[in-house]
Amino acid sequence: MPPKANKKKAQEQQSKKNLQKKKEKLLEDKTFGLKNKNKSKVVQNQIKSVTASVLNCGTDARSRRMEEQKKQEKLARKALKKAQEAEQAALFGEALLAVSGKNKGSKFGGKEGKVEAKG
């Protein structure tokens, strides 16, 4: 059953890409001619408001806030994990290197270097 879940995720990703392309096309259509017509503040503000409305259509404020909150939590977890790894390396770095150095023996009966051929 997991392959179906993967297909569902792939379809969701594809639909998000298609939705984004449609939004970009709609944005270009709505602001066509305004960008080059006049460089006044009024036109710039109108373009900015149209852009915001087109890019945010289909999503409500609550879902955007939830997505933003999830992103912040993910970044916080990542930073915490990185800090923990740095602390562990600072405390046990030399000990871990010494232990891992002992395990680096050869796999062939302890003979290192040249192997003599018989015959």
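Modeller: Buried means under 20% relative accessible area, exposed over 50%, and partly exposed in between, with a 1.4 Å probe and protein chains only. This is a predicted model, where local features need pLDDT of at least 70, side-chain atom pairs count only at pLDDT 80 or more, and totals for chains, interfaces and linings use all residues. Residues are numbered from 1 along each chain as its sequence is written, and side-chain values use heavy atoms, with hydrogens and water left out.

Biologist: Why is Asp 29 called partly exposed?

Modeller: Asp 29 has 49% relative accessibility. That value lies between the limits of 20% and 50%, so Asp 29 counts as partly exposed.

Biologist: What makes Lys 25 exposed or buried?

Modeller: Its relative accessibility is 52%. Exposed requires over 50%, so Lys 25 counts as exposed.

Biologist: Why is the contact of Asp 29 with Lys 25 called a salt bridge?

Modeller: The term needs a side-chain nitrogen of Lys or Arg within 4 Å of a carboxyl oxygen of Asp or Glu. Here the closest N and O atoms are 3.9 Å apart, so the pair qualifies. By this rule the count for the model is one salt bridge.

Biologist: Where do Asp 29 and Lys 25 lie in helix 1?

Modeller: They are four residues apart in helix 1 (residues 2-30), which means a separation of about one helical turn. An α-helix has 3.6 residues a turn, so residues three or four places apart point the same way.

Biologist: How many helices and strands does the chain have?

Modeller: Four helices and zero strands, in the order α-α-α-α. Both are DSSP runs numbered from the N terminus: helices are H or I with at least four residues, strands E with at least two.

Biologist: What is the reach of helix 3 set against?

Modeller: The expected span is 1.5 Å times one less than the number of residues. Helix 3 (residues 41-55) has 15 residues and reaches 21 Å from first C-alpha to last, close to the 21 Å expected.

Biologist: Which residues of helix 3 are buried?

Modeller: Val 43, Ile 47, Val 50 and Val 54. They cover an arc of only 65° around the axis, so they lie on the same side of helix 3. That arc is taken from the directions between the helix axis and the C-beta atoms. The face turned away from this buried side carries the exposed residues Lys 41, Val 42 and Lys 48.

Biologist: What share of the chain is buried?

Modeller: Buried residues make up 8% of the 119 residues.
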